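Good morning, and thank you for coming.

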Amino acid sequence: MNYLNLFKIALKAIYNNKTRSLLTMLGIIIGIASVIAMLGFGQGTQEQITNEISSMGSNMIMINPGGERRAGQRMDASSMQTLKMEDYEAIRNECDHVSYVSPSVSSSGQLVAGNNNYPSSVTGCSEDYLKIRQLAMAEGEMFTEQDVKTAAKVVVLGKTIVDNLFPYEDPIGKSIRVNQIPFQVVGVLESKGTNSMGMDQDEIVLAPFTTVMKRMLSQSHLQGIQASALTEADTDAAMKEIEEVLRRNHRLKEGDENNFTMNSMQEIMETMNTVTGMLTMLLAAIAGISLVVGGIGIMNIMYVSVTERTKEIGLRMSVGARGIDILSQFLIEAVLICLTGGIIGIILGYGLGALVSMLSEQVSVSISGSSVILSFSVCVLIGMFFGWYPAKKAANLDPIEALRYE
């Protein structure tokens, strides 16, 4: 018998037992749909994280005070005053792989404009902050270097702040009070919305760092420094330059620990992708358990099928069918059941992904061609693995005993 005839016989056997075949496929359908949905969710999450980090500045470097030991105890980094204006100026003037750099200080308080108020924090920075964080102006303009030098009382607001303080009017030129200190609004940032972590990126208030340090915090040290490498490829070189400059400024000897910490967005991206990748594989593995259950179901049904068709097998073998023909017949039948269930599962997986994406703006599902190819491959392997033993049993039947089977 040729394989075309074997294929037709397998199709006819599946068609004659439609309900049983559908129930057999159910485990495969659920397993494939779950695996594709989980892989799509993981891939979509990774892409979303990558896009969000890129929108924040993929070549951004964050420098913060580092904890140091005093009397044998490590101090809290937030209480340290290891970053100074001299560090910011040295990085700006001496690091060739750094394109932009900005100090970073922050003070929280109640924002008041007329009868409206809103609790938030004010971030003190330089005019380079927009380029580092890849922010853009929607109205007005960013404060200038002259505003920084004179510690001018000017602010740039995010959309959330504007909506709460100036819901029905243009904020440009208006005044707000931050902890009783008046500031003039000179610009409004373009909206960036909420990120995947649920953080509102438009709840932001920017002011010259000198203003925040002198008028709000009354301090001379920096809470942090943010820099931007020339390109993503230059990030490591920029971090090395910054480390050398800061160690020299802080008079650290060889062998001394850094009293500052540095992190790049690339490191954060790699860490997040590793975590989401591991989580995706774990979820896919859990979903894949149903594939094994479905495969066991196929094996059981094929055993039943061999038992029911023992006489048919004996008759075919008595008129010349070889063991390989019987083996191929039942193996093809098992693979067809798996592939049909796999196709339905893939369609269902796509549907689940589309439904989740439609119902939730925060969840992104991206189904790649590789996951579909993987699903088809798994279907074939499951069909061959779990269908082989029943098929082998059918091929090894004695024709005479099979014909006499009741």
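I begin with the lining of the second largest pocket, whose residues divide into five nonpolar, two polar and six charged. For these classes, Ala, Val, Leu, Ile, Met, Phe, Trp, Tyr, Cys and Pro count as nonpolar, Asp, Glu, Lys and Arg as charged, and the others, Gly among them, as polar.

Some words on the basis of these values. This is a predicted model, in which local features need pLDDT of at least 70 and side-chain atom pairs count only at pLDDT 80 or more, while totals for chains, interfaces and linings use all residues. Residues are numbered from 1 along each chain as its sequence is written, and side-chain values use heavy atoms, with hydrogens and water left out.

Rolling a probe the size of a water molecule over the atoms shows where empty space is left. On a 1 Å grid over the protein atoms alone, a pocket is an open set of points with protein on both sides within 12 Å along at least five of seven lines, whereas a cavity is a set of points where a 1.4 Å probe fits but cannot get out; lining residues have an atom within 4 Å of a point. Grid points are joined across faces, edges and corners, and a volume is the space filled by probe spheres set on the points.

The second largest pocket holds about 180 Å³ of space. Its lining has 13 residues, and those nearest the centre of the pocket are Y88, R92, E145, V148 and F209. Which helices each supply at least two residues of that lining? They are α3 (85-94), α5 (145-149) and α7 (209-217). The most comes from α3, which gives four residues. Helices here are DSSP runs of H or I with at least four residues, strands are runs of E with at least two, and both are numbered from the N terminus.

Among the residues that line the largest cavity are A13, N17, R20, M302, E333 and I337. At least two lining residues come from each of α1 (3-16), α2 (18-57), α9 (265-308) and α11. By class, the lining of this cavity divides into five nonpolar, four polar and two charged residues.

Next, helix packing. Axes are lines fitted to C-alpha atoms, for helices over the stretch in contact, and angles run from 0 to 180 degrees between N-to-C directions. Angles under 35 degrees count as roughly parallel, over 145 as roughly antiparallel, 65 to 115 as roughly perpendicular and the rest as oblique. A crossing is right-handed if the near helix is turned clockwise from the far one by less than a right angle, and left-handed if anticlockwise.

The axes of α11 (residues 323-359) and α12 (residues 369-395) come within 7 Å and cross at roughly 150 degrees. These two helices, α11 and α12, are therefore roughly antiparallel. In their contact, the residues divide into 21 nonpolar, five polar and one charged. The crossing of α11 past α12 is right-handed.

At roughly 140 degrees, the axes of α10 (residues 310-318) and α11 cross and come within 10 Å, so α10 and α11 are oblique to each other. Their crossing is right-handed. For α3 and α8 (residues 235-249), the packing angle is about 140 degrees and the axes are 10 Å apart. That makes α3 oblique to α8, and α3 passes α8 in a right-handed crossing.

Now to single residues. Buried means under 20% relative accessible area, exposed over 50%, and partly exposed in between, with a 1.4 Å probe and protein chains only. G387 sits in helix α12 and is buried, with a relative accessible area of 0%. From G387 to M299 the C-alpha distance is 5.7 Å, although the two are 88 residues apart in sequence. G44, in helix α2, is also buried, at 0% relative accessibility. G44 and S357 are 313 residues apart along the chain, and their C-alpha atoms are separated by 9.8 Å.

I close with backbone angles. Most residues other than glycine have a negative phi. N179 lies in the loop between β8 (175-178) and β9 (181-189), and is partly exposed, at 38% relative accessible area.
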